[in-house]
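Work through the exercises below with the model open. Each task is followed by a worked solution.

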Amino acid sequence: MTTIRFFHVADLHLDSPFKGVTSMPEHQLKTLRDSTFKAFQTLIETAVQEKPDFILIVGDIYDGEDRSLRAQHKFQEGMEVLNRHQIPVFLCYGNHDHLGGKWTRFRLPENVHVFRDQVEKVNIQIRHHDVYISGFSYPERHVKESMTTMYEEAFETDAFHIGMLHGSLAGDTTHAVYAPFTKEELINKNYDYWALGHIHKRQVLHSDPPIVYPGNIQSRHRNEKGTKGFYDVFLEKGNAQFNFIPTSSIIYDQINCSCKGIVHANEWFETIDSAIENFRNVHGAGVLEINLTDVDTNTLTMLEGTPLEEWLSMVRETQEMKEPHIWVHAITFDAIDAFEMESSGMTEQVISVMDTWDTQQWKEIISDVYQHPRLSRYIERLNDNDYETIHSEARTFIQKELVGKE
């Protein structure tokens with residue numbers, strides 16, 4: 001039985017700007033901004049070593065429609081390497097790098113097939129076996145309509161049929177919805193594999209036939225936690241094996257640090273440092289959120305004695321000279337632990353003042369909202385119970401924000 005092998009890649013986002021990390025030291029910031037290129041280089045090196053039959057790149061190769069000169073140059077160089085090793089590439093552009101953008105154009109080598117702005121089907125012969133690959137590139141940023149009707153149904157039972165689709169599962173609003181589809185629509189095309197892109201979370205929507213998101217190759221912000229990469233797919237009729245290949249050069253993640261029994265600052269720093277070092281030994285470079293667990297009254301009192309920004313700054317300083325680089329972007333704590341404790345220090349002072357406010361004072365505090373010429377007509381009049389709720393929620397918010405975040 002014939003088996004074909006290909007890499008399923010999506011959402012490279014080369015030259016992502018990595019906004020919101022301006023407080024990071026310049027040398028670390030450069031490493032972070034180079035991380036998409038390093039992940040791409042890992043992809044190219046893996047392809048040269050493993051020599052798949054072809055590579056599918058399903059949209060958002062570049063981070064923006066202007067396609068930076070550096071990103072295009074790096075990508076073109078990578079495609080030239082694959083061309084020298086006779087590895088075909090099939091790519092489509094997505095909502096980030098749609099065909100309607102303006103950019104300085106590079107001519108890609110002959111091993112690369114770029115899908116047009118309408119669904120098309122191309123053929124490639126793998127060991128004298130027909131493989132048909134269908135896909136399209138976004139003509140503009142917003143492709144809101146479904147494109148599934150444009151894909152031809154597969155009838156040749158001896159050939160392999162693969163669909164490339166940069167889009168969203170209909171009804172899933174966790175990400176911007178483009179080119180929506182349903183699993184039933186894709187299944188009914190009788191394809192052997194659906195290579196998806198656009199969603200940055202690795203997931204298999206359906207196993208027979210495989211309908212697969214590989215995720216992106218490098219996290220770009222704190223909400224994209226964990227290791228990123230692509231799928232190495234071995235496909236035969238009625239069966240598929242896809243192995244995940246990691247490419248992340250920097251991993252975003254959250255680590256938990258237990259503060260149980262901690263009273264002194266040196267114990268706290270030793271615990272934090274040990275947790276970070278464990279992460280470094282397993283994953284290498286990273287951008288971390290440290291979540292404190294088992295926070296008791298003693299630990300909370302210790303933390304409240306110094307602004308949290310200073311604790312965070314000291315943690316960063318302890319990691320500054322270590323390799324691979326670890327950047328701690330925030331320190332948080334489990335809300336349930338802190339809220340069950342008696343407040344102390346600065347938190348207690350703020351809350352004690354707030355507890356003296358009566359209903360009239362609460363009305364004065366939020367009066368700006370009700371006096372707003374546009375918002376006021378949409379807000380219902382509050383009663384005494386509503387003010388009690390605001391009081392309670394404000395107390396909870398203060399307890400968390402004065403201790404919990406950067």
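**Exercise 1.** Is Glu120 buried or exposed, going by its relative accessibility?

Solution. The model is predicted. Glu120 has a relative accessibility of 10%. The cut-off for buried is under 20%, so Glu120 counts as buried. Next, take its salt-bridge partner: Arg116 and Glu120 form a salt bridge whose closest N and O atoms are 3.3 Å apart. Arg116 has a relative accessible area of 53% and is therefore exposed.

**Exercise 2.** Find which parts of the chain the salt bridge between Asp192 and Lys237 links.

Solution. Start with the distance: the closest N and O atoms of Asp192 and Lys237 are 3.0 Å apart. Then place the two residues. Asp192 is in the loop between α4 and β8, and Lys237 is in the loop between β11 and β12. The pair is 45 residues apart and links distant parts of the chain. Finally, check accessibility: Asp192 is buried at 12%, whereas Lys237 is partly exposed at 29%.

**Exercise 3.** Describe how helices α1 and α2 pack.

Solution. Helix α1 covers residues 26-33 and helix α2 residues 35-50. Their axes lie 4 Å apart at an angle of about 45°, which means that α1 is oblique to α2. In the contact, Thr31, Leu32 and Arg33 of α1 meet Ser35, Thr36 and Phe37 of α2. Sorted by type, the contact residues are two nonpolar, three polar and one charged.

**Exercise 4.** What is the mean pLDDT of the protein?

Solution. The mean is 86, and 86% of the residues reach 70 or more. Over residues 335-343, the pLDDT is below 50.

Notes
Residues numbered from 1 in each chain as written. Predicted model: local features only at pLDDT ≥ 70, side-chain atom pairs only at ≥ 80, totals over all residues. Heavy atoms only, no water. Axes fitted to C-alpha atoms, helices over the stretch in contact; angles between N-to-C directions. Helix = DSSP H or I, 4+ residues; strand = E, 2+ residues; numbered from the N terminus. Parallel < 35°, antiparallel > 145°, perpendicular 65-115°, else oblique. Contact = heavy atoms within 4.5 Å. Nonpolar A, V, L, I, M, F, W, Y, C, P; charged D, E, K, R; others polar. pLDDT = per-residue confidence, 0-100. Salt bridge = Lys/Arg side-chain N within 4 Å of Asp/Glu carboxyl O. Buried < 20%, exposed > 50% of the residue type's maximum accessible area, 1.4 Å probe, protein only.
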